[in-house]
Amino acid sequence: MISIASAETGAMIAYLSDRANAVTAVGILCSGAAMGLVARGHQEAGVALGLWAIIADDVDGEIARRTKNRTMATKAIGKALDAFPDLIFGSVIPAIVIASFIDLPASAVFTAFMILIGALRLAYFDYFGLDHRGYSTGLPLSYALPVLAAILIVDRTIAPLELGVVLPAVFVPLSLLHIAPFKVKASGTLVHVITICVAVTGSAGLLITSRTGT
């Protein structure tokens, strides 16, 4: 039994040697670490790190498309892995951050709402994916964290905001847009460049303005 288990474990780890899956794993690590930071009250640092998970998520797909001779198992495992950081940076991190500014029991309801929306969006996308033009149905989850980062930066640098009011007012309709029946361009060189630039800029802005530890 021990030898069988070891062989299976080795086979699982071996799938991370695929370049695309390795980048996805980095995204999962960033997402998990970001969630830990946010849970400890370091909202800006957590969101900043979560933005790097978005970059990893954007890059791994391009690497996968350019990598030849990937096995069916490698592709399937990579696709399954890819859903984890999406849910964390698209729903869990924003939900935890926003809940920290809302009084109970509304915070619990809001967190559950955002995670349900994220899970539904990912399940739908997993089945239907992109159309032939590179469009997806509904607003991608990757929009949520940059919007949150922008609001936090404005709160820290321009004018203090009533985050317990502003964040729910923005993210309730934004969450509904994730499952709305309209098409959004979600693939292509320009989309990738904009995504990476926004994530890097937002992360840098948060780290510069962060009051963590002060």
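**Figure 1. Helices and strands of the predicted protein chain.** The protein chain holds eight helices and two strands, where helices (H or I, at least four residues) and strands (E, at least two) are DSSP runs numbered from the N terminus. Along the sequence the pattern reads α-α-α-α-α-β-α-α-β-α. The model is predicted: local features need pLDDT of at least 70, side-chain atom pairs count only at pLDDT 80 or more, and totals for chains, interfaces and linings use all residues. Residues are numbered from 1 along each chain as its sequence is written, and side-chain values use heavy atoms, with hydrogens and water left out.

Figure 2. The C-alpha trace of the protein chain spans about 55 × 45 × 35 Å along its principal axes. Of the 214 residues, 39% count as buried. Buried means under 20% relative accessible area, exposed over 50%, and partly exposed in between (1.4 Å probe, protein chains only). Among contacts (heavy atoms within 4.5 Å) between residues at least 6 apart in sequence, 76% join residues at least 24 apart.

**Figure 3. Salt bridge between Glu62 and Arg65.** A salt bridge is a side-chain nitrogen of Lys or Arg within 4 Å of a carboxyl oxygen of Asp or Glu; by this rule the count comes to seven. The side chains of Glu62 and Arg65 form one of them, at 3.1 Å from N to O. Both residues belong to helix H3 (residues 43–66), where three residues of separation place Glu62 and Arg65 about one helical turn apart. Glu62 is partly exposed at 25% relative accessibility, whereas Arg65 is exposed at 53%.

**Figure 4. Salt bridge between Lys79 and Asp126.** The side chains of Lys79 and Asp126 meet at 3.6 Å, N to O, in a salt bridge. Lys79 lies in helix H4 (residues 72–99) and Asp126 in helix H5 (residues 106–128), so the pair ties together parts 47 residues apart in sequence. Asp126 has 45% relative accessibility and counts as partly exposed.

Figure 5. Arg133 pairs with Asp131 in a salt bridge, with the closest N and O atoms 3.4 Å apart. Arg133 is partly exposed at 44% relative accessibility, and Asp131 is partly exposed at 22%. A network of salt bridges links Glu44, Asp155 and Arg156.
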